[in-house]
Amino acid sequence: MEEAAAAAGAPRPADATADAEAADAADAADAAHAADAAEPSPGAAASSPRRLLALLGAKLCTWHIWKTVILGQMLSMFICGTAVTSQYLADRFNVNTPMLQSFINYCLLLLVYTTTLVFRTGSDSLCQILKQRWWKYLIVGLADVEANYTIVKAYQYTNLTSVQLLDCFGIPVLMALSWFLLRARYKLIHFVAVAICLLGVATMVGADILAGREEGEGSDVVIGDVLVLLAASLYAISNVGEEYIVKNLSRVEFLGMVGLFGTIISGLQLAIVEHKEIMKIQWNWKIALLFTAFALCMFGLYSFMPVVIKITSATSVNLAILTSDLYSLFIGLYLFYYKFSGLYIVSFVIIMVGFTLYCAAPPATAEPTAVPQPGHAGLDNAALKLEETDGESPEVAVQSSREETEVLSTN
């Protein structure tokens, strides 16, 4: 019996060999799978750059960026119209009246939007706005008037494309003001994007030198460039105020008050510094048409820009409208016989790259947070709940320190 049991419990040699071969085959299969996992196939390696490009395209080609670009192009058309008409008046008819051109625009704003405020009642009426915020609109209106004066004056000293490209200097100024006044918080990518835009400005200056712009215009080029930089800084102040008013108050209030103070300030300045220039104008239908075109383009720009700023931000709008430089360049080639340089296109591309990077990650806004008081967490939470529901919930549950739930009536 013991021999039989021993014979039955012992494995046969053939069975042992088969088991060993199966184990070896399983180990080989596991090793092959591990090798495949460690070394991706050539197809998978080739698809990695494609996936990276797809992710980058999905990040950049978003509706937010496209919306900003499309709306910016509409503003660019207005800006290009004001730039071309100003340059044409100065070059062809020797009309140098920047304050008169701005005064006409402010009068249109006064007639349309300030009149609307006159017929309003309550806290939105013109009288109440003047009582509460008149000095704020005085600052915004003064900055806007002087920005328009200096930018139009610059067209008399420098060429059209240089004015449009140097105007992007206001972007870093605008970002700094937005940081302190609007509590905008930027990331590294935003500063890199602005640096790229400034690199585009440097490229534009190189294009002007290669095109011989400084040879024909002498020292007046420096005056024109300084005026553009000053105007860009003043525009930044005006745009920060515009963004705050549009997002917290109303578009009509901003345009109405700017029309009111802009008309007063530009009217006084017009009587002081430009009355002699106005008397020298030899009026004809061409000059009248150019004045009308400038006024309509400026009025359209002022009326539509608050809509775009409310959707995006003042900084995004200023980056988007840099595309107007390309339109101004090609129009200047035919109307003013500019000497073309390929660096103008390079500078435009560089600025567009900076704009795309900026819009890829919209800046956040720092919001003040309330710190709960120790020992009153339950009551603070109840107050927050009441504020969120705006009195819709009839009761609020409060957790006491003894882990007991109490029900408080909100009536």
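Colleague: Where is S250 found?

Modeller: This is a predicted model, so keep that in mind. S250 is found in the loop between α11 (220-248) and α12 (251-273).

Colleague: Which backbone nitrogen lies 3.1 Å from a polar atom of the S250 side chain?

Modeller: That of E253.

Colleague: And what does S250 touch, not counting residues up to four places away in sequence?

Modeller: R120 and I245.

Colleague: Let's turn to charges. How many salt bridges does the structure hold?

Modeller: The structure holds 2 salt bridges. Side chains of opposite charge can pair when their charged atoms come close.

Colleague: Which residue forms a salt bridge with E253?

Modeller: R133 does. The closest N and O atoms of E253 and R133 are 2.8 Å apart. E253 lies in helix α12 and R133 in helix α6, so the pair ties together parts that are 120 residues apart in sequence.

Colleague: Are E253 and R133 buried or exposed?

Modeller: Both E253 and R133 are buried.

Colleague: Which residue meets K247 in a salt bridge?

Modeller: E243. The N to O distance for E243 and K247 is 3.2 Å.

Colleague: Where do E243 and K247 lie?

Modeller: Both are in helix α11. They sit 4 residues apart, about one turn of the helix.

Colleague: Is E243 buried or exposed?

Modeller: Buried. E243 has a relative accessible area of 10%, and the cut-off for buried is under 20%. K247 has 38% relative accessibility, so K247 counts as partly exposed.

Colleague: Switching topic. How many disulfides are there?

Modeller: The count comes to 0 disulfides.

Colleague: Is C297 buried or exposed?

Modeller: C297 is buried, at a relative accessible area of 19%. C127, by contrast, is exposed, at 55%.

Colleague: Now the surface. Which residues make the nonpolar patch?

Modeller: W134, W135, L138 and I139. The patch covers about 410 Å².

Colleague: Where is I139 found?

Modeller: In helix α6, which spans residues 126-154. I139 has 47% relative accessibility, so I139 counts as partly exposed.

Colleague: Next, T114. Which helix is that in?

Modeller: T114 is in helix α5. With a relative accessible area of 3%, T114 is buried.

Colleague: What does T114 touch, not counting residues up to four places away in sequence?

Modeller: L109, L126, G256, G259 and L260.

Colleague: Last topic, backbone angles. What is phi for N94?

Modeller: Phi of N94 is positive, about 55 degrees, although N94 is not a glycine. N94 is in the loop between α4 (63-92) and α5 (98-118).

Colleague: Is N94 buried or exposed?

Modeller: Exposed, at 58% relative accessibility.

Colleague: What about phi of R183?

Modeller: Phi of R183 is near 60 degrees. That is a positive value in a residue other than glycine.

Colleague: Where is R183 found?

Modeller: In the loop between α8 (170-181) and β1 (184-185). R183 has 36% relative accessibility and counts as partly exposed.

Technical notes: Residues numbered from 1 in each chain as written. Predicted model: local features only at pLDDT ≥ 70, side-chain atom pairs only at ≥ 80, totals over all residues. Heavy atoms only, no water. Patch = residues over 30% accessible without salt bridge, like charges linked within 9 Å, V, L, I, M, F, W, Y side chains within 5 Å. Areas by Shrake-Rupley, 256 points an atom, 1.4 Å probe, with all protein chains shown as cover. Salt bridge = Lys/Arg side-chain N within 4 Å of Asp/Glu carboxyl O. Helix = DSSP H or I, 4+ residues; strand = E, 2+ residues; numbered from the N terminus. Buried < 20%, exposed > 50% of the residue type's maximum accessible area, 1.4 Å probe, protein only. Disulfide = S-S within 2.5 Å. Polar contact = N/O pair within 3.5 Å; in protein donor to acceptor, adjacent residues only side chain to side chain. Contact = heavy atoms within 4.5 Å.
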